[in-house]
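Please read the following points with the sequence and the 3D view open side by side.

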Amino acid sequence: PDPFFWTLLEGDRETGVTLHRLERDYDTGAIIDVKRYAIPQDTNAWRLARALDRLALELLVSAAERLSRGEPLEGSPQPKTGATLAPAPGLWELSIDWNEPAERVVNRVRAGAPYPGCVAQLGENTVVVVRARVAQGPKGFEPAEAFIDEGAVKVRAADGFVELLEVRDLDERHVDPASLFE
């Protein structure tokens with residue numbers, strides 16, 4: 001599973017880690033402890049995974065300390081509803097559709113970054129977008145149309161613009177987004 005991808009794609013503002021008992025069925029054991037994490041707006045999947053790894057380690061150390069003092073780790077039953085699947089993203093999930101809202105495009109880029117990144121078509125170029133942000137732009141553009149504004153490339157999405165901050169070509173070389181339109 002890849003919960004980091006889906007958490008960022010869906011625009012969640014908070015996530016966390018859970019220490020739970022292992023049971024025969026996946027992710028069904030009693031919840032022993034939880035640590036919540038407020039997701040910074042510029043976090044990508046790799047940074048989110050690192051932050052949650054640290055929290056998970058804190059849970060494990062706390063559980064070991066509790067066990068060493070003879071405390072039981074009984075936990076509470078997991079709720080039967082509210083859990084969502086988080087399968088590994090496929091090519092479709094890692095592809096940018098400029099007909100989506102700008103915030104959704106940026107969330108998709110954050111979710112796929114830094115690797116593998118999100119594939120996008122820019123004119124005749126296929127690139128991997130690694131970092132982007134929602135931006136402002138003029139009226140009159142259709143989704144997938146781009147323009148350069150003071151050296152910054154902005155691409156029209158369904159409801160606004162996305163500024164491309166970091167792009168790679170398909171050979172994994174960093175590319176200046178503006179050079180794609182020369």
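1. Two residues are said to be in contact when they have heavy atoms within 4.5 Å of each other. The model is predicted, and every point below should be read with that in mind.

2. Ala158 sits in the loop between strand S6 (152–156) and strand S7 (161–168), and with a relative accessible area of 34% it is partly exposed. Once its neighbours within four places in sequence are left aside, Ala158 is in contact with Trp98, Asn99, Glu100, Pro101 and Pro143. For one of these, Glu100, the C-alpha to C-alpha distance to Ala158 is 5.2 Å, although the two residues are 58 apart in sequence.

3. Glu100 is buried, at 16% relative accessibility, and it forms a salt bridge with Arg108 in which the closest N and O atoms are 2.9 Å apart. Arg108 also counts as buried, because its relative accessibility is 6% and the cut-off for that class is under 20%. Side chains of opposite charge can pair when their charged atoms come close.

4. How many of the 11 residues of helix H3 (residues 102–112) are buried? The count is 9, so the helix is largely enclosed by the rest of the structure. Arg108 is one of these buried residues, which also include Ala102, Val105, Val106 and Asn107. The cover over the buried residues of H3 includes H1, H2, strand S3 (118–122), strand S4 (125–135) and S7.

5. A salt bridge of 3.4 Å, N to O, joins the side chains of Glu10 and Arg104. Because Glu10 lies in the loop between H1 and S1 while Arg104 lies in helix H3, the pair ties together parts that are 94 residues apart in sequence. Both partners are partly exposed, Glu10 with a relative accessible area of 46% and Arg104 at 26%.

6. The side chains of Arg13 and Glu103 likewise meet in a salt bridge, at 3.8 Å from N to O. Arg13 is in the loop between H1 and S1 and Glu103 is in helix H3, so this pair ties together parts that are 90 residues apart in sequence. Glu103 is partly exposed, with a relative accessible area of 41%.

7. Taking the salt bridges together, a search of the whole structure finds 13. Glu10, Glu100, Arg104 and Arg108 are linked in a network of such bridges.

8. Arg131 is found in strand S4 and is partly exposed, at 44% relative accessibility. Apart from neighbours within four places in sequence, its contacts are Val109, Glu163, Leu164, Leu165 and Glu166. The C-alpha atoms of Arg131 and Thr18 are separated by 29 Å, the two residues being 113 apart along the chain.

9. Thr18 is among the residues nearest the centre of the largest pocket, together with Pro3, Gly16, Asp27 and Thr84, and the lining has 35 residues in total. The elements that give two or more residues to this lining are helix H1 (3–9), strand S1 (14–20), strand S2 (31–38) and H2. S1 contributes the most, with 7 residues. The volume of the pocket is about 1500 Å³.

10. Finally, Leu57, Leu60 and Val61 make a nonpolar surface patch of about 270 Å². Val61 belongs to helix H2 (residues 45–68) and counts as partly exposed, at 40% relative accessibility.

Notes:
Residues are numbered from 1 along each chain as its sequence is written. This is a predicted model: local features need pLDDT of at least 70, side-chain atom pairs count only at pLDDT 80 or more; totals for chains, interfaces and linings use all residues. Side-chain values use heavy atoms; hydrogens and water are left out. Patches are made of residues with over 30% relative accessible area and no salt bridge: like charges are joined within 9 Å, nonpolar side chains (Val, Leu, Ile, Met, Phe, Trp, Tyr) within 5 Å. Accessible areas come from the Shrake-Rupley method with a 1.4 Å probe; for residues, only the protein chains shown count as cover. A salt bridge is a side-chain nitrogen of Lys or Arg within 4 Å of a carboxyl oxygen of Asp or Glu. Helices (H or I, at least four residues) and strands (E, at least two) are DSSP runs, numbered from the N terminus. Buried means under 20% relative accessible area, exposed over 50%, partly exposed in between (1.4 Å probe, protein chains only). On a 1 Å grid over the protein atoms alone, a cavity is a set of points where a 1.4 Å probe fits but cannot get out, and a pocket is an open set with protein on both sides within 12 Å along at least five of seven lines; lining residues have an atom within 4 Å of a point. Grid points are joined across faces, edges and corners, and a volume is the space filled by probe spheres set on the points.
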